[in-house]
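Good morning, everyone, and thank you for making time for this. Please have a look at the chain on the screen, and then I will walk you through a few of its local features.

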Amino acid sequence: MKQLLSHLQNFRVDNSLVRQSSIALKTAFNSILPLRCCLCMQPDQHGFCHQCKQLLPWLGCACMKCGTTLPTEGICGRCQTKPVGFDSSAIPFRYIDPISHEIHSLKYRRKLAVAPALGKMLATQVVKNMSQLPDALLPVPLHINRIKQRGFNQAGLIAESTGKLLGIPVDYEVISRSKDTVSQTSLDQEERGKNMHKAFAVHVNGRYDAVAVIDDVITSGATIDAICTELRLNGYDNISAWAIAKT
Ligand SMILES: [Zn+2]
Ligand SMILES: [Zn+2]
């Protein structure tokens, strides 16, 4: 694990995983990343080429707990008065174009090659932000009706890619979605909380010391908050929220 972490840290500095000495890591990396840049479609093994990476809406300085953009490092006002359910977060991007477009393409146009590219961006952010890695990644589950409709869970695809790069297992057994909730996009903050109330169930008590809940986008945080409530009731204390983007 330490060796892999060191490789990813080096990658961040060198901006090229291909230059890494670890053949094993390079092989794993090549096997899960697309061979073209997701944006300009030029041949590229990183998911986003060097030029396009400069155009991505990086989150920059943000609240250490919830990921809200801040002018300086620290904890935002909201987290100081009404803390979110998770202990820390790792979110590389703001939810605007071209990242919002890519996430939309993944979910609604089955552009599945985006998932490993985004998963790698998330892994890099995690290495940059977090001093300790969790024992398992828990993708936000979709209700069975949504799975049938879409055919896949985008959070699961992203978690698989991030987990592979960081050497962390993805566990689908811990949480399930017990309620087929309506889309959060048309709801205000209070309605979002009510919509998510009892939406999730935890099936395995305290299997891990530390977990990261993975979603594609964090909006109000109501979804992950609802999961955190259930996780804490079932013996999980150390919970991170990882997502590709924050609105
Ligand atoms: Zn490109
Ligand atoms: Zn905050």
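Before anything else, please keep in mind that this is a predicted model. I would like to begin with a residue in a loop, M41, which sits between α2, residues 23–32, and α3, residues 50–55. Its phi is near 65°, which is a positive value in a residue other than glycine. Most residues other than glycine have a negative phi, and most peptide bonds are trans. Is M41 buried or exposed? M41 is exposed, because it has 11 other C-beta atoms within 10 Å, and the cut-off for counting as exposed is 12 or fewer.

In the loop between β2, residues 93–94, and α5, residues 99–108, we find P98, and the peptide bond that joins D97 and P98 is cis, with an omega of about 0°. After α5 comes R110, whose phi is positive, near 55°, and R110 lies in the loop that leads from α5 to α6, residues 114–129. R110 has 12 C-beta neighbours inside 10 Å and therefore counts as exposed.

Which residues of α5 itself are buried? They are I99, E102, I103 and L106, and, seen down the axis of α5, these buried residues fall within an arc of 95°, so they line one face of the helix. As for their surroundings, the buried residues of α5 pack against β2, α6, α8, β6 and β7, where α8 covers residues 154–166, β6 covers 210–218 and β7 covers 238–246.

That brings me to the pair α6 and α8, whose axes come within 8 Å and cross at roughly 55°. The two helices are therefore oblique to each other, and the crossing of α6 and α8 is right-handed. On the α6 side, the residues that meet α8 include A115, L118, L122 and V126, while on the α8 side the residues that meet α6 include L157, I158, S161 and L165. What is the contact of α6 with α8 made of, by class? It has 10 nonpolar, 4 polar and 1 charged residues.

Conventions
Residues numbered from 1 in each chain as written. Chains lettered and ligands numbered in written order. Predicted model: local features only at pLDDT ≥ 70, side-chain atom pairs only at ≥ 80, totals over all residues. Helix = DSSP H or I, 4+ residues; strand = E, 2+ residues; numbered from the N terminus. Buried ≥ 20, exposed ≤ 12 C-beta atoms within 10 Å, placed from the backbone. Arc of directions from axis to C-beta. Contact = placed C-beta atoms within 7 Å. Axes fitted to C-alpha atoms, helices over the stretch in contact; angles between N-to-C directions. Parallel < 35°, antiparallel > 145°, perpendicular 65-115°, else oblique. Left-handed = near helix turned anticlockwise from the far one by under 90°. Nonpolar A, V, L, I, M, F, W, Y, C, P; charged D, E, K, R; others polar.
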